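Thanks for coming. I will take you through one structure, a few places at a time.

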Amino acid sequence: MTTKISVQQVGKVFGEGSHRVEALKQIDLDIADNEFVTFVGASGCGKSTLLRIIGGLEYHTTGNLLTDGRPVAGPGADRAMVFQHYSLYPWLTVMQNIKFSRRLAHGRENISEADVEAASGRADALLALMGLNAAANAWPNQLSGGMQQRVAIARALMGRPQVLLMDEPFGALDAQTREVMHDLILHVHKLERPTIAFVTHDVEEAIYLADRVVLMAPRPGRIDSIYTVPLPPEREQDMKHTPEFLALKKEILARIKETSGMKTDYDMLDQLNLGGVAA
Amino acid sequence: MTTSRPRRPGMWTIRGPLSRRLYWLFAAFGLLAPLGLWWFMASGSDVDKVFLPGPLDVFNRLVTWYVEDDLLADMGISIYRVTTGFLISAVIALPLALLIGTFRPVQAVLEPLTDFIRYMPAVAFIPLVMLWVGIEESSKIAIIFIGTFFQMVLMMAEDVRRVPLAQIEAAQTMGANRSETINLVIFQAAKPAIMDTLRVTMGWAWTYLVVAELVAASSGLGYSILKAQRFLQTDKIFVGIILIGLIGLVMDQLFRLAHRKAFPWLYLRS
């Protein structure tokens with residue numbers, strides 16, 4: 001398998017002097033072409049920062065970052081990003097949002113009539129794929145959170161990016177909608193074959209979607225461990241109840257707690273109770 | 001034993017409801033009560049009309065102004081001065097605000113300076129404006145400009161800064177270059193807020209009218225108020241003030257209407 005994204009000894013420092021924070025330290029990770037990798041970890045572990053560095057939205061202070069063997073210099077259409085929210089353009093309809101990348105110069109180079117038609121066809125196809133046909137002419141404000149994220153994903157896919165970066169894209173959705181979105185994104189991954197890097201705080205989501213789960217630890221942000229998900233490539237919701245799935249979930253959750261460096265909820269509750277008794 | 005049943009929240013509940021009928025009733029009261037109070041206070045036999053003219057005196061003055069003193073010409077020239085000063089402000093402020101809100105070096109150069117100038121009193125600029133611009137029409141427009149421009153730039157820059165970062169970054173990861181990000185995302189996203197800023201600053205431009213017409217004017221609502229002051233025509237001062245208020249109100253409503261037409265996605269419910 002060829003390597004799509006190569007993270008080599010990448011470090012990131014925010015601020016300087018007494019405000020200096022080491023957000024990432026010596027990150028090494030190769031993500032294969034078409035792979036689906038999810039990132040989990042306690043807050044402050046730098047998982048979003050790493051994703052943003054891959055997207056070119058932040059720069060790394062040390063190390064190398066390569067896509068297809070070439071160094072990353074800023075954001076580009078080959079690495080589309082899906083955000084948790086507020087990324088759709090409220091002044092454009094759903095269809096206009098999806099076609100947004102066609103209005104950009106890099107999409108207009110040497111464009112032919114056939115290209116325009118193909119683009120229209122692709123927008124229609126994405127609309128259908130995301131189940132948004134009825135909403136094509138609606139404004140984003142008129143859609144539920146789940147529908148809005150479908151539009152954001154379709155828009156990101158429009159330019160056929162080789163890499164899809166997703167920063168807690170379903171974090172604001174309710175549990176039922178989230179399950180539907182999981183199967184949808186797996187379907188998209190199967191059809192379009194992008195390489196996906198996906199940040200989440202939901203361990204179940206991380207396992208269900210991924211080929212590999214990368215667990216990161218905070219202070220400084222670093223990769224703690226990488227788990228290959230022991231499930232067949234074709235995922236089904238029922239697999240969440242298999243012993244393998246549950247065992248991995250338990251293991252990852254326990255490890256996140258260990259690496260978080262914070263007291264467990266029970267410890268904190270104990271302290272609160274003691275305080276209560278003393279008073 | 002007491003029974004309880006669910007009650008509809010009353011109008012004095014915090015952020016409570018108010019029926020449409022009651023809303024208009026209260027609004028009518030809010031508008032008519034001061035008018036009635038004015039009428040009542042002015043109708044006392046021992047009240048000098050120079051001190052407080054009644055509503056009827058003011059109305060009569062409005063009619064004579066219209067018939068004998070060319071009220072429409074005064075209104076016209078004042079509207080011209082305010083809108084011209086305002087438009088020049090807007091045309092210069094908009095690109096500057098886009099740059100201040102987008103590029104930190106531009107912000108560093110211009111924002112502290114603008115913040116400093118906006119606290120300077122526009123009235124105090126009159127001698128300088130007369131010296132530099134003269135006493136022609138352009139000097140009145142210059143005063144309106146000084147009164148509105150600096151506030152406008154700062155408020156618009158803030159509107160630009162409030163564009164969600166995710167909207168900008170989404171465009172960048174779709175391959176948008178810098179000018180495309182500014183034109184197709186930042187400007188478009190900030191437009192509704194910028195138009196609201198224009199509406200608010202338009203009101204401020206009107207408040208500088210009297211100041212502007214201090215400068216060697218021979219016509220206009222502000223000038224007429226100043227002249228009426230000299231002859232103790234209190235009723236005319238009332239007419240001038242009320243007319244400026246009404247014109248401002250009409251323009252405000254026009255801006256609101258245009259906002260609804262231009263940005264329909266913001267008005268989808270209720």
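Just after α10 of chain B, Leu232(B) has a positive phi of about 55 degrees. Keep in mind that this is a predicted model. For background, most residues other than glycine have a negative phi.

How many of the 10 residues of α10(B) are buried? Seven of them are, so the helix is largely enclosed by the rest of the structure. The buried ones are Leu221(B), Gly222(B), Tyr223(B), Ser224(B), Ile225(B), Leu226(B) and Ala228(B). Their cover includes four helices of chain B, namely α2 at 55-68, α3, α9 at 209-212 and α11 at 234-262.

Of those, I will look at α3. Helix α3, residues 71-102 of chain B, and helix α10, residues 221-230 of chain B, have axes that come within 7 Å and cross at roughly 120 degrees. Roughly perpendicular ends at 115 degrees and roughly antiparallel starts over 145, so α3(B) is oblique to α10(B). On the α3(B) side, the residues that meet α10(B) are Leu71(B), Asp74(B), Met75(B) and Ser78(B). They face Leu221(B), Gly222(B) and Ser224(B) in α10(B). By class, the residues of this contact are three nonpolar, three polar and one charged. Note that Leu221(B), Gly222(B) and Ser224(B) are also among the buried residues of α10(B).

Next, the contact between the chains. Chain B puts in 22 residues and chain A puts in 28. The two chains bury about 2,100 Å² between them, with 66% of that area on carbon and sulfur atoms.

Over to chain A, and its domains. The domain assignment gives domain 1 as 3-78 plus 161-278, and domain 2 as 89-160. Domain 1 of chain A is therefore written in two segments, with domain 2 falling between them in the numbering. The C-alpha centres of these two domains of chain A lie 27 Å apart. In the contact between them, 17 residues of domain 1 of chain A touch 14 residues of domain 2 of chain A. The area buried between the two is about 1,200 Å², and carbon and sulfur atoms give 75% of it. On the domain 1 side, Pro161(A), Leu184(A) and Glu192(A) lose the most area to domain 2 of chain A, together 37% of what that side buries.

Last, some backbone geometry in chain A. Most peptide bonds are trans. The bond that joins Arg219(A) and Pro220(A) is cis, with omega at about -10 degrees. Pro220(A) is in the loop between β9, residues 212-217, and β10, residues 222-228, of chain A. Arg219(A) lies in the loop between β9 and β10 of chain A too, and its phi is positive, near 50 degrees. Is Arg219(A) buried or exposed? At 59% relative accessibility it counts as exposed, the cut-off being over 50%.

Glu168(A) is another residue with a positive phi, near 45 degrees. Its place is the loop between β7, residues 163-167, and α6, residues 175-192, of chain A. Glu168(A) has a relative accessible area of 16%; buried means under 20%, so this glutamate is buried.

That is what I have. Questions are welcome.

Notes. Residues are numbered from 1 along each chain as its sequence is written. Chains are lettered from A and ligands numbered from 1 in the order in which they are written. This is a predicted model: local features need pLDDT of at least 70, side-chain atom pairs count only at pLDDT 80 or more; totals for chains, interfaces and linings use all residues. Side-chain values use heavy atoms; hydrogens and water are left out. Axes are lines fitted to C-alpha atoms, for helices over the stretch in contact, and angles run from 0 to 180 degrees between N-to-C directions. Helices (H or I, at least four residues) and strands (E, at least two) are DSSP runs, numbered from the N terminus. Angles under 35 degrees count as roughly parallel, over 145 as roughly antiparallel, 65 to 115 as roughly perpendicular and the rest as oblique. Contact means heavy atoms within 4.5 Å. Ala, Val, Leu, Ile, Met, Phe, Trp, Tyr, Cys and Pro count as nonpolar, Asp, Glu, Lys and Arg as charged, and the others, Gly among them, as polar. Buried means under 20% relative accessible area, exposed over 50%, partly exposed in between (1.4 Å probe, protein chains only). Buried area is the accessible area (1.4 Å probe) that two parts lose on being put together, summed over both.
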